[in-house]
Protein chains: 2
Amino acid sequence: VTDAETRGIELLTRGRSGDISAVSQLITALEGDSAVGRAVRPHVHSAAGHAHVLGVTGAPGSGKSTLVNAIMREARARRRSVGVVAVDPSSSLTAGSILGDRIRMQEHTLDPGIFVRSMSSRGKLGGLARATVDAIAVLDAAGRDLVIVETVGAGQADVEIVQIAQTTLVVSVPGLGDDIQAIKAGLLETADIHVVNKADRPESNRTVASLVEMLGLRCAEPHSWTAPVLSTEALNGGGIRELLDAVDEHLAWLKSSGEFTRREREAALARIQTVASDLLLKRMRETSFATDFSAEVEAVIARRLDPHAAAVRLIDHLAPRR
Amino acid sequence: VTDAETRGIELLTRGRSGDISAVSQLITALEGDSAVGRAVRPHVHSAAGHAHVLGVTGAPGSGKSTLVNAIMREARARRRSVGVVAVDPSSSLTAGSILGDRIRMQEHTLDPGIFVRSMSSRGKLGGLARATVDAIAVLDAAGRDLVIVETVGAGQADVEIVQIAQTTLVVSVPGLGDDIQAIKAGLLETADIHVVNKADRPESNRTVASLVEMLGLRCAEPHSWTAPVLSTEALNGGGIRELLDAVDEHLAWLKSSGEFTRREREAALARIQTVASDLLLKRMRETSFATDFSAEVEAVIARRLDPHAAAVRLIDHLAPRR
C-alpha cells in the first residue's frame with residue numbers, strides 16, 4: 001500500500017462519514033489524475049453502486065437549477081442525503097459557475113446532507129464527461145442516497161452522462177423560442193420523465209399537450225416505461241412531491257423489469273470503451289511514433305495522404321490486427 | 001480501380017463542374033461510409049484545400065441562419081461560389097432541420113453557385129463532427145470558394161469543427177438571457193471575428209461595449225490578430241459588406257503571419273488522432289476480445305474491478321506497450 005493509496009482511503013473514509021471537504025478533495029484528486037486519485041479509483045468504484053443517479057437536463061433558461069434546488073429540498077425532507085454535480089459549459093472568462101455554486105451552497109450551507117459541485121469546462125471540453133462521471137462515483141461512494149447531475153443538454157458530453165444516470169428528467173419550459181426547443185428535441189428520446197417547469201405561464205398547457213402529442217407518435221411497447229409529462233413550479237415547490245414520487249417509481253420499475261441490470265451492463269461496457277479510447281489516444285500522443293509522425297502530417301497537408309489513411313497507419317503501428 | 005472508386009471519381013468530377021446532385025450524393029456516400037465513400041475519400045482530400053472555411057457559431061436565437069444567408073448573398077455578389085453546412089442538433093422527432101433547409105434553399109434554388117446541406121444529429125451525436133468535417137471536405141473538393149459551417153456552438157462537436165475552420169465568427173445578440181450567454185462564453189475565446197447581430201435593438205451598443213471590455217482583459221501579443229467586434233443587421237444586410245471584408249482580411253493575416261500553416265498542421269494532427277481513436281474504438285468493438293470481455297463487464301458491475309482497470313486490460317490486449 002502506497003502513501004497515496006493510504007491518503008486516498010483516508011479521504012474516502014472521512015467522506016463516507018459526512019466530511020464534505022474530504023469529498024471535495026477526492027473529486028479534485030480524480031479530476032487531476034493525481035497519484036492519490038489513481039490509487040483511490042478502485043476503492044471509490046467498489047464503494048459505489050448504491051446511489052440513485054438522477055440526470056436533469058434541458059434547454060438554457062428552463063429553470064433547471066431552481067428545479068434541482070427544489071428536488072434537493074424535497075429529498076432532504078424525505079431524509080435522503082443528496083449530492084449534486086452541475087455541469088456548466090461556461091468558461092474562465094465569466095466564472096459564472098463558481099458564482100452560481102456559491103449562491104446555491106448558501107441556502108444549504110449548514111446541512112452536511114447536501115453537497116454541490118460545479119464542473120466547468122474551462123477549456124478542457126474533452127475531459128468534462130470523464131471528470132463528471134468520476135465526481136458522480138465519488139458522491140455515490142461517499143454514501144449519498146441521491147446524486148443529481150445537472151447538464152445543459154446540448155453537447156456530446158451529455159450522452160455519456162445520461163448513460164450513467166438511472167433516471168433522466170428532461171425539462172421543458174413554456175414559450176421558449178423554436179431554436180432553443182430544437183436543441184432540447186435531440187434529448188427528448190432520452191427522457192424517463194418529462195418536466196414542464198414554470199407551469200404558471202399561460203402557454204404551459206399548450207406545451208404539455210404538444211409534448212404528449214409528440215411522444216404519442218412513438219409506439220409504446222408492452223411492459224415498457226411510458227415517460228410521464230409532469231408540471232412543476234420549481235420556484236414555489238409546486239409539483240415537486242409528485243415529481244420525486246415519479247422518480248422513485250421509475251427506479252422501482254427499472255429494478256422489477258430487469259432494465260436496471262441491462263442498463264448497468266450497457267453503461268459499464270460503454271464506460272470501459274470510453275476510458276480505453278481516452279487511454280489509447282493518450283498513449284498515441286506519448287509514443288515515440290507520435291514524434292516520428294510529422295512526415296504523415298506533412299503528407300496530409302500536402303494532400304498526398306488523407307487523414308483516414310494516416311490514421312490507419314498510426315493505429316496499425318500501435319494496435320496490430322490479430 | 002474498383003467500380004466504387006470509378007463511381008466516386010465520376011461523382012467528384014461532376015461535382016467539380018457544378019452538379020449539385022453529385023455533391024449531395026458524395027456527402028451521403030462519405031456520411032454512410034459506403035464503398036463509394038471509402039474509395040473516394042483520398043480523391044476528395046487531394047482535390048480539397050482551396051476553399052476558405054468559415055465557421056459561424058453562436059447561441060440559439062442569435063440569428064445565425066439569417067446572417068449566413070446574408071453572407072451567402074454578399075459572397076455571390078463578389079462572384080464566389082458558396083457551400084453551407086448547417087449543423088443542426090434537432091432530432092427526427094421535429095424534423096426542423098429539413099424544413100429549415102428547404103426554406104433556405106428556395107431563395108437560392110436557381111443559383112448553382114449555392115449549395116446548402118443540413119447535418120442533423122438524429123441519434124448519432126458521436127458521428128456528427130466526423131460527418132460535418134467530411135461534408136466540408138467534399139464542398140472544398142468540389143471547388144467552392146467559400147465553405148460556411150453553421151453550428152449552435154454548445155457542444156463538443158463544435159471544438160472539432162472550429163479546428164477545421166480557418167476563420168470563426170461568434171455571433172452575439174443584444175438582450176439574451178444570462179444562461180444563454182454563458183453557453184456562448186465558452187466560445188468567445190475561439191472567435192476570430194465577433195458579430196453583434198440584430199444591431200437595431202436598443203441594447204446593441206451595450207452588448208458591443210461589454211464584449212470589447214471582456215476581450216480587453218486579455219493581453220494582446222504583438223503581431224497577433226485582434227478579433228474585431230462588428231455590428232450587423234442580417235435581416236436587411238446592414239454591416240455584411242464590412243463583415244466579409246474582415247473575413248478576407250483575417251485570411252490574409254493568417255497567410256502572411258504563418259499562422260495558416262501552423263493551424264493547418266495542428267488541425268491535421270488532431271484530425272488524424274480523432275479518426276484513429278474512432279477506428280480503434282470500432283476495432284475494439286469488432287475484435288473477438290470484445291465478446292470475451294463480458295467477464296470484465298460483470299466484474300465491473302459486481303464492483304470487483306473498476307472501469308479504468310478494465311480499460312487498461314482491454315487496450316493492453318489490443319495495443320501492447322512497446
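Trainee: What should I know before I start?
Mentor: The model is predicted, so local features need pLDDT of at least 70 and side-chain atom pairs count only at pLDDT 80 or more, while totals for chains, interfaces and linings use all residues. Residues are numbered from 1 along each chain as its sequence is written, chains are lettered from A in the order in which they are written, and side-chain values use heavy atoms, with hydrogens and water left out.

Trainee: How many salt bridges are there over all chains?
Mentor: The count is 36. A salt bridge here is a side-chain nitrogen of Lys or Arg within 4 Å of a carboxyl oxygen of Asp or Glu.

Trainee: What does Arg265(A) pair with?
Mentor: Glu298(B), at 2.5 Å from N to O. Arg265(A) lies in helix α11 of chain A and Glu298(B) in helix α13 of chain B, so the pair joins two chains. Helices are DSSP runs (H or I, at least four residues), numbered from the N terminus.

Trainee: New topic. Which residue does Glu259(B) bridge to?
Mentor: Arg263(B), with the closest N and O atoms 3.1 Å apart. They sit 4 residues apart in helix α11 of chain B, about one helical turn. Glu259(B) is buried at 17%, while Arg263(B) is partly exposed at 25%.

Trainee: Which residues form a network?
Mentor: Asp33(A), Arg38(A), Arg41(A), Asp134(A) and Arg271(A), joined by salt bridges that share partners.

Methods:
Buried < 20%, exposed > 50% of the residue type's maximum accessible area, 1.4 Å probe, protein only.
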